[in-house]
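Good morning, colleagues. I shall speak briefly about one model, its helix packing and its strand pairing. Please look at the display first.

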Amino acid sequence: MRFASIDIGSNAVRLLFANVFEAGEHSVFKKESLVRVPVRLGQDTFTIGEITLARAENLFKTLIAFKYLMEVNDVQSYKACATAAIREARNGEALIAEIYERTGIEVEIASGQREAGIIYSNHVEDQLDPGKNYLYIDVGGG
């Protein structure tokens, strides 16, 4: 089955397609493709406190394109999350409502804690050499 995720970040909006297969007791996720559009929402939020109409329009156009890409790629389900730029913008909630009106895409505004949990849930540590030390840092646009 094919699934998608949308990350509305401070610097870019990304659409990830992944195929999921059952392999015994575990599910295997195989990245199929990633589309990235540098909308740069944080440039507005972190300087003037809200997202301007021009950037909002670019966000809406991007998400309309992502909706069509999900349709033609026969996505079974998706999850869309917005992070710091939307979360901290005065007009963030209104933008989320307008995204749904224009596209039908439901977007969760992820708290900082939820965002960290999503990042951690990729379990990258399972791929690392247990005999070495590592530091994992998410340097987001916010």
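Which residues in H2 meet which residues in H4? Before I answer, please note that this is a predicted model, in which local features need pLDDT of at least 70 and side-chain atom pairs count only at pLDDT 80 or more, while totals for chains, interfaces and linings use all residues. Residues are numbered from 1 along each chain as its sequence is written, and side-chain values use heavy atoms, with hydrogens and water left out.

On the H2 side, Ala56, Glu57, Leu59, Phe60, Leu63, Ile64 and Lys67 make the contact, and they meet Leu95, Glu98, Ile99, Arg102 and Thr103 in H4; contact means heavy atoms within 4.5 Å. Sorted by class, this contact has 7 nonpolar, 1 polar and 4 charged residues. Here Ala, Val, Leu, Ile, Met, Phe, Trp, Tyr, Cys and Pro count as nonpolar, Asp, Glu, Lys and Arg as charged, and the others, Gly among them, as polar.

As for geometry, H2 spans residues 53-72 and H4 residues 92-103, and they pack at an angle of about 40 degrees with axes 10 Å apart. H2 and H4 are therefore oblique to each other, and their crossing is right-handed.

I turn now to the strands. S1 (residues 2-8) and S2 (residues 13-23) run antiparallel, joined by 7 bridges; pairing requires that DSSP finds at least two bridges. They form a hairpin with 4 residues between them, and Arg2 stands opposite Asn19 in S2. S2 also pairs with S3 (residues 26-37) in the antiparallel sense, over 11 bridges. Val13 stands opposite Val37 in S3. In this second hairpin 2 residues lie between the strands, and Gly24 in the turn has a positive phi of about 70 degrees.

How values were computed:
Axes are lines fitted to C-alpha atoms, for helices over the stretch in contact, and angles run from 0 to 180 degrees between N-to-C directions. Angles under 35 degrees count as roughly parallel, over 145 as roughly antiparallel, 65 to 115 as roughly perpendicular and the rest as oblique. A crossing is left-handed if the near helix is turned anticlockwise from the far one by less than a right angle, and right-handed if clockwise.
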